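This report describes selected local features of one structure, with attention to aromatic rings, a helix contact and the backbone. The sequence and the model are shown first.

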Amino acid sequence: MEVSFSKEVRALRLGAGDTFHGEGILAITKGLLQAGVAYVGGYQGAPVSHLLDVMVQAKDYMDELGVHVEACSNEASAAAMLGASIHYPLRGAVTWKSIVGTNVAADALSNLSSPGVRGGVLVVVGEDYGEGASVIQERTHAYALKSSLCLLDPRPDLPVMVRMVEEGFNLSEASNMPCVMELRIRTCHVRGSFECSDNRAPAVSTRALMDEPARFDYDRLAHPPVTFGHEKRKTAERIPAAQRYIAEHGLNELMPGRHDDLGIVVQGGLYNALVRALQQHGLADAFGASEIPILVLNVTYPLVPDQIADFAAGKRALLVVEEGQPEYIEQDIATLLRRRDLNTALHGKDLLQMAGEYSTEVLARGIGAFAGRYLPAAATEGVAQWLAANDERRGAVAAMLAQPLPPRPPSFCVGCPERPVFSALKLAQQEVGPVHVAADIGCHAFGTFEPFGMGHSILGYGMSLASRAGVSPMMQRRVLSIMGDGGFWHNGLLTGVQSALFNGDDAVLLIFKNGYTSATGTQDIISTPDEEVKARAEDKQQSLAHKNQTIESTLKGLGVQWLRVVHTYEVETMRATLTEAFTSDFDGLKVIVAEGECQLERQRRIKPWIAGLLKKGERVVRVKYGVDEDVCNGDHACIRLSGCPTLTLKDNPDPLKVDPVATVIDGCVGCGLCGANAHAATLCPSFYRAEVVQNPRWHERLLHALQGAVVRALRPA
């Protein structure tokens with residue numbers, strides 16, 4: 001990986017007497033080592049990517065502790081690692097982005113939770129829900145319910161979060177249930193500090209090996225007929241054991257308040273937003289002391305019936321603050337109150353919105369309705385005015401606009417090697433006609449936005465080729481499936497390529513080979529060029545194209561007969577190759593590998609390399625592209641075909657012309673796409689290529705001076 005986490009790696013070494021300062025997800029990472037974790041695995045994804053990234057880069061220190069760290073090919077393989085804790089006293093932790101990652105891992109999680117675990121298991125998932133999320137809006141809670149997994153949702157306070165890591169392992173071992181810790185986006189990125197403890201080297205580790213394997217025990221297999229007994233033990237033994245541990249060790253927190261005839265039950269991760277909303281109503285102070293008692297559920301499953309009943313007893317009403325739907329916690333509490341014959345009024349989704357993120361403003365509206373019903377004397381007038389003012393401002397802004405603001409969709413990075421492929425695809429469809437495009441998860445999903453607008457479905461990471469299986473037999477033209485090299489290794493090889501070959505499908509697959517799992521933070525994968533290849537390519541100022549043939553050899557070994565490898569920036573060649581794939585007489589899977597290194601990774605590597613050359617006084621040539629203002633006709637087809645952020649508009653310098661002209665602004669990395677598009681699409685010849693030479697040789701300086709003199713002499717007086 002090119003991104004360095006050296007500072008974060010140093011923080012992992014902190015011990016007793018030291019204070020950790022940083023983000024929530026890094027505090028969780030430190031907590032794992034303090035809890036004596038023996039092995040860590042996972043698949044990166046927001047907002048928990050840094051956990052695995054930091055662990056991987058801290059390999060030397062992990063080896064000192066005897067902790068095994070493995071970057072897994074997908075979430076299913078990560079979850080399968082946890083099988084080590086079924087027989088052995090090994091504490092294991094894995095991480096991924098949820099809900100999509102939990103979907104992939106579901107099979108292994110079911111088979112893990114059935115026999116139960118001996119060593120503590122903690123699954124750290126990034127609960128990517130609400131504003132800023134990048135996945136479908138579902139909740140991990142459903143998996144905890146169906147598979148009997150303890151679900152932790154810690155209050156966003158670093159000492160609490162770190163404590164819940166250790167307690168999560170303890171809870172898992174006390175109940176024999178795997179534990180899931182869901183961390184919301186804001187929880188992962190909340191900043192704070194906590195007093196560290198010494199890291200614990202696991203008793204059994206890579207430095208302290210086991211002498212013998214566990215004895216064979218059929219009861220520890222997720223296989224009938226013993227699975228029927230597993231199911232009974234879940235309800236008769238494991239869940240009660242978890243409930244006892246939660247109550248005895250105070251994992252859930254009770255915040256007192258003077259209005260003790262009312263109460264609020266809140267998921268731990270929502271506590272900060274809840275307190276801020278109460279503060280708006282004058283029902284909490286700046287330090288978080290609430291006037292309404294709050295039961296903070298740092299463990300949202302299983303609930304502890306006695307704890308809920310004791311909290312509800314004697315209260316006129318409870319408000320359950322539960323983000324997302326269905327309202328699992330509210331339903332569970334409603335059942336519990338009915339069975340205990342408690343007449344406490346229960347509110348939740350009747351006063352709060354059913355779905356969507358519970359921001360401070362959303363919570364303030366719900367608390368206002370709750371307080372208005374049960375605390376009519378509460379000072380809620382001010383917050384009502386604040387909410388009304390927010391609505392008024394939004395309405396005023398909308399009224400001021402003569403028309404809606406133009407959308408600003410996300411786009412590829414400057415110089416991204418995937419943008420030229422979509423330009424070529426646009427040109428190819430002008431020739432063969434519109435095609436159905438099965439899109440996928442990854443950077444290339446930006447192709448679904450303007451100016452490309454391509455993609456009819458996204459069914460999961462690496463699932464594009466599989467998702468077109470029901471479409472292509474019904475379509476007159478061939479269907480195009482798109483996936484990245486990350487998606488190819490994650491799931492696409494087996495669910496897509498293998499299936500298409502087995503069924504003899506007449507399909508077209510486009511694989512973006514940029515060398516990394518780029519959309520999750522540019523982590524290395526099996527087809528990432530090694531450092532020696534990268535260094536050799538830069539020394540010779542060459543591209544990394546064709547330096548690593550892992551994907552190609554895998555495809556050939558599997559039986560792919562029609563395979564083309566095209567450098568992504570060669571727009572005309574890519575257009576011709578796509579056209580050939582759509583019109584070829586070959587009946588079978590046709591694969592195009594679009595090869596071009598992730599531009600972010602390339603820039604991270606070459607910028608220090610170039611800086612080193614300049615420092616030594618060596619000659620450096622930088623390519624710069626531009627637009628001749630006198631030639632540009634103002635049609636802007638170049639922009640519609642590219643969408644590059646550095647290709648934009650400026651006022652026409654000719655006072656007799658009204659249309660603005662295209663221009664290339666600072667930030668251009670010299671990828672050459674604008675010129676390649678102009679050539680491939682037969683656009684106007686307004687683009688030029690210039691070479692900026694730093695530390696030029698003496699003869700270059702002399703030639704430049706002579707050229708300048710000639711140009712000045714030819715200019716009219």
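F452 counts as buried, because its relative accessibility is 8%; buried means under 20% relative accessible area, exposed over 50% and partly exposed in between, with a 1.4 Å probe and protein chains only. The model is a predicted one, in which local features need pLDDT of at least 70 and side-chain atom pairs count only at pLDDT 80 or more, while totals for chains, interfaces and linings use all residues. Residues are numbered from 1 along each chain as its sequence is written, and side-chain values use heavy atoms, with hydrogens and water left out.

**Aromatic rings**

A search of the whole structure gives 11 aromatic pairs. Rings of Phe, Tyr and Trp (its six-membered ring) pair if their centres lie within 6.5 Å; planes under 30 degrees apart count as stacked, over 60 as edge-to-face and the rest as tilted. F452 pairs with F412, and the pair is edge-to-face because the planes stand at 65°, with the ring centres 6.2 Å apart. This pair links distant parts of the chain, 40 residues apart: F412 is in the loop between α16 (381-400) and α17 (419-432), and F452 is in the loop between β15 (437-439) and β16 (457-458). Helices (H or I, at least four residues) and strands (E, at least two) are DSSP runs, numbered from the N terminus. F412 is also buried, since its relative accessibility is 3%.

F422 and F512 form a stacked pair, 5.7 Å centre to centre with 25° between the planes. F422 belongs to helix α17 and F512 to strand β18 (residues 508-513), 90 residues apart. Both residues of this pair, F422 and F512, are buried. One aromatic cluster is formed by F412, F422, F446, F449, F452 and F512.

Two rings have a charged end over them. A charge sits over a ring if NZ of Lys or CZ of Arg is within 6 Å of the ring centre and within 35 degrees of the ring normal.

| Charged residue | Ring | Distance from ring centre |
|---|---|---|
| K315 | F311 | 4.6 Å |
| R564 | W562 | 4.0 Å |

F311 is one of the buried residues of α13, together with Q307, I308, A309 and A312. The elements that cover these buried residues include β9 (253-255), β10 (262-267), β11 (294-297), β13 (317-321) and α14; contact means heavy atoms within 4.5 Å.

The axes of α13 (residues 305-312) and α14 (residues 328-339) come within 10 Å and cross at roughly 75°. The two helices are therefore roughly perpendicular, a term for angles of 65 to 115 degrees. On the α13 side the contact is made by P305, I308, A309 and A312, and on the α14 side by I333, L336 and L337.

Most residues other than glycine have a negative phi, and most peptide bonds are trans. The peptide bond from Y301 to P302 is cis, with omega near 0°, and P302 lies in the loop between β12 (299-301) and α13. The bond from Q325 to P326 is likewise cis, with omega near 0°; P326 lies in the loop between β13 and α14.

D341, in the loop between α14 and β14 (345-347), has a positive phi near 55°. This residue is exposed, because its relative accessible area is 57%. T522 also has a positive phi, of about 55°, and lies in the loop between β19 (516-517) and β20 (523-524). T522 counts as buried, because its relative accessibility is 3%.

Technical notes:
Axes are lines fitted to C-alpha atoms, for helices over the stretch in contact, and angles run from 0 to 180 degrees between N-to-C directions. Angles under 35 degrees count as roughly parallel, over 145 as roughly antiparallel, 65 to 115 as roughly perpendicular and the rest as oblique.
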